[in-house]
Amino acid sequence: MTWRGIEEFLAVVETGSFTAGAEALGVSKSFVSKMVSELETRVGARLLVRTTRRLSLTAAGDLFHQRCMEMRSSLIDVERQMAQFQERPVGRLRVGLSDIFGVTFMSSIVAEFSARHQEISLEVVAYLREADLVQEQFDVVIRYGRLIDSGLKARLFGYLSYCLCASPEYIARHGWPESPADLAAHACLADLGGYFYFNEKQAPNNRVKVSGTWKSNSGIALASAVRHGLGIAQLPISIIRDDLMDGRLVALNQDWAFYDKEVWAVFSPGMIPAATRAFIDHLAVSFEHRKLRPWMRPAMTALGEHIHRR
């Protein structure tokens, strides 16, 4: 409502008459006259002097015209900047990352994107619980597993692959389980929920309750415990890649022993800024593998190079 009448006022001043201003706007002369009159009443000053021979600005009208032209120029500039957000990757991008299992791998991907798009200002926020995250505060949030129904948009761009791992010393003493049910006989290093998860048909509800003397909500802490031979852990291959390659840890090489959790880029619906589109495309390209396994030597080597060059 604040802008009501201003466009009509500017058209009259620019064309020199109410008739020409109405033609320029594609409306009637009476409508333009009404809008300008309402505008003068609202601002509490006469803006135009109207005679049968000429139209001129009052002193108040001249000042008001100058300020309106400045506002129009600012509006045009803002619209131009908004168009840039849609046309090329610029501006600020806020990204939410889960820190449950460490952010080393995902942070390296984000850093690589930032190096390629230096006109984008990146803000990366790590969180421990889904409940800690307010989606509206971020442009993109990396989420794992099945998503709940919402009005948000999401793109699946890869998987976080987990394996059952242990130290060589632990396996030498206790051996490997032969099925998910056999985990009951082992010391298991789990998260605070106390479950190991598996792909479909490997266990009831795709999970098994495990027990042990060590629990943590940090994958980094669990990795440290498993290196000390405290038991079997289920960890993302991406955070124990060096341990597996160097032999400090070994993984159970059985199809049933793996779990692949979906990795999603979640963002708000509507028009997507170019920076957000570019970032999501970068994620899709960076996750060239679909599901990672420890024996995939080229993929494991590439994973290490990707992490360590950051």
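The legends below describe close-up views of one predicted model. Residues are numbered from 1 along each chain as its sequence is written, and side-chain values use heavy atoms, with hydrogens and water left out. Because the model is predicted, local features need pLDDT of at least 70 and side-chain atom pairs count only at pLDDT 80 or more, whereas totals for chains, interfaces and linings use all residues.

**View 1. Helix H1 and the residue that follows.** Helix H1 spans residues 6-15, helices being DSSP runs of H or I with at least four residues and strands runs of E with at least two, numbered from the N terminus. Ile-6, Glu-8, Phe-9, Leu-10, Ala-11 and Val-12 of H1 are buried, that is, under 20% relative accessible area with a 1.4 Å probe and protein chains only. After H1 comes Gly-16, with a positive phi near 90 degrees.

**View 2. The crossing of helices H2 and H3.** The axes of H2 (residues 18-25) and H3 (residues 29-43) come within 8 Å and cross at roughly 105 degrees, the axes being lines fitted to C-alpha atoms over the stretch in contact, with angles from 0 to 180 degrees between N-to-C directions. The two helices are therefore roughly perpendicular (65 to 115 degrees). Phe-18, Thr-19 and Ala-22 of H2 make the contact with Lys-29, Val-32, Ser-33 and Val-36 of H3, where contact means heavy atoms within 4.5 Å.

**View 3. The largest nonpolar core.** Among the 25 residues of this core, Met-106, Ile-142, Phe-157, Phe-279 and Leu-283 touch the most other members; a nonpolar core is a set of buried Ala, Val, Leu, Ile, Met, Phe, Trp, Tyr and Cys residues joined through side-chain atoms within 4.5 Å. Elements that each supply at least two residues of the core include strand S3 (91-98), helix H5 (104-116) and helix H9 (274-286). Leaving aside neighbours within four places in sequence, Leu-283 is in contact with Met-106, Ile-109, Ile-142, Phe-157 and Ala-265.

Definitions and conventions: Buried < 20%, exposed > 50% of the residue type's maximum accessible area, 1.4 Å probe, protein only. Parallel < 35°, antiparallel > 145°, perpendicular 65-115°, else oblique.
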